[in-house]
Amino acid sequence: MIKAVVFDMDGVLFDTERLVSVAWSQVAREEAMEGIDMVLKDCIGRSYEDTRLVFLKHYGETFDFEGFRTKAGKLFFKDIEDNGLPIKLGVHELLAYLKEKGYKIGLASSTKKQGVLSHLREAKIEEYFEVIVGGDMVKHSKPNPEIYQMACRLLGIEPSEAICIEDSLNGIRSASSAGLNVIMVPDLIEPTEDILPLLHKQFASLLEVKAYLEQM
């Protein structure tokens with residue numbers, strides 16, 4: 001019996017991974033950095049520290065990751081300031097349905113908790129989430145299962161009693177290893193052959209997730 005739904009944030013609730021991709025690509029062009037698309041794919045779903053390590057592995061130990069992150073961050077937040085926080089299709093409808101039906105609702109994001117709260121408050125959806133676990137609250141980030149194990153523990157449920165909604169390959173590996181039932185709603189990346197067996201279901205949008213839950 002499914003008692004809870006645990007969401008990833010970037011790429012699931014908000015179309016922010018696209019904004020990150022645009023910002024990273026612009027800075028990479030300005031700095032003549034090659035291979036940023038491949039690096040982005042490897043970093044999606046990872047924490048700040050793990051992302052830093054990916055950059056250093058790809059561009060060398062002397063790479064100024066903090067400088068890159070600062071430049072890209074300015075572009076990212078300028079876009080949100082100019083155009084608003086982009087909310088994914090079906091977010092409000094699915095959250096309202098889950099609350100109405102009495103599901104526990106959690107969030108497990110590699111983003112630091114303060115950043116998560118900022119986005120949720122701007123979108124006016126913070127009150128839906130009973131538990132919020134940020135990437136700075138765990139020792140090991142996705143694809144390690146720790147973040148989803150913590151979310152389930154705080155929700156007071158077994159992982160097998162929860163559905164996880166993810167878009168990233170790292171996030172799917174994390175949730176699957178923790179024992180949750182994984183629903184993928186692809187964003188920037190489609191599932192690879194090794195990811196498909198880890199999925200409970202795959203849908204094109206959160207509206208399709210809502211329709212599926214209505215039939216359970």
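Predicted model: local features only at pLDDT ≥ 70, side-chain atom pairs only at ≥ 80, totals over all residues.
Leaving aside neighbours within four places in sequence, Leu-180 is in contact with Val-6, Tyr-148, Cys-152, Pro-159, Ala-162, Ile-163, Cys-164 and Ala-175. Leu-180 belongs to the largest nonpolar core, which has 42 residues. Leu-180 is also among the residues with the most contacts inside that core, together with Trp-24, Ile-36, Phe-55, Phe-68 and Tyr-148. Helix 7 gives the most to this core, contributing six residues. Apart from it lies another core, this one of 36 residues, including Phe-7, Leu-85, Phe-129 and Phe-203.

Six of them form an open sheet in the order 3-2-1-4-5-6, and the pairing is parallel. Strand 3 (131-133) and strand 6 (201-202) stand at the edges; each has a single partner strand, so one side of each is left without a neighbour in the sheet. For strand 6, the pairing with strand 5 (residues 181-184) is in the parallel sense and runs over two bridges. Ile-183 has Lys-201, in strand 6, as its bridge partner.

Helices pack on this sheet. Helix 7 (residues 146-155) touches strand 1 (4-7), strand 2, strand 3 and strand 4 (162-166). The direction of helix 7 makes about 160 degrees with that of strand 3. Helix 9 (residues 206-215) also packs on the sheet, where it touches strand 4, strand 5 and strand 6. Its direction makes about 165 degrees with that of strand 4.

Asp-187 is found in the loop between strand 5 and strand 6. Asp-187 counts as buried because its relative accessibility is 19%, and the cut-off for buried is under 20%. The side chain of Asp-187 is joined to that of Lys-88 by a polar contact of 2.9 Å. With neighbours within four places in sequence left aside, Asp-187 is in contact with Gly-11, Asp-15, Glu-17, Lys-88 and Asp-167.

Gly-102 lies in another loop, between helix 5 (91-101) and strand 2 (104-108). Its relative accessible area is 57%, so Gly-102 is exposed; the cut-off for exposed is over 50%. Gly-102 is 10 residues from His-92 in sequence, and the two are 16 Å apart in space, C-alpha to C-alpha.

Note on methods. Residues numbered from 1 in each chain as written. Heavy atoms only, no water. Helix = DSSP H or I, 4+ residues; strand = E, 2+ residues; numbered from the N terminus. Buried < 20%, exposed > 50% of the residue type's maximum accessible area, 1.4 Å probe, protein only. Pairing = 2+ DSSP bridges. Contact = heavy atoms within 4.5 Å. Axes fitted to C-alpha atoms, helices over the stretch in contact; angles between N-to-C directions. Core = buried A, V, L, I, M, F, W, Y, C linked by side-chain atoms within 4.5 Å. Polar contact = N/O pair within 3.5 Å; in protein donor to acceptor, adjacent residues only side chain to side chain.
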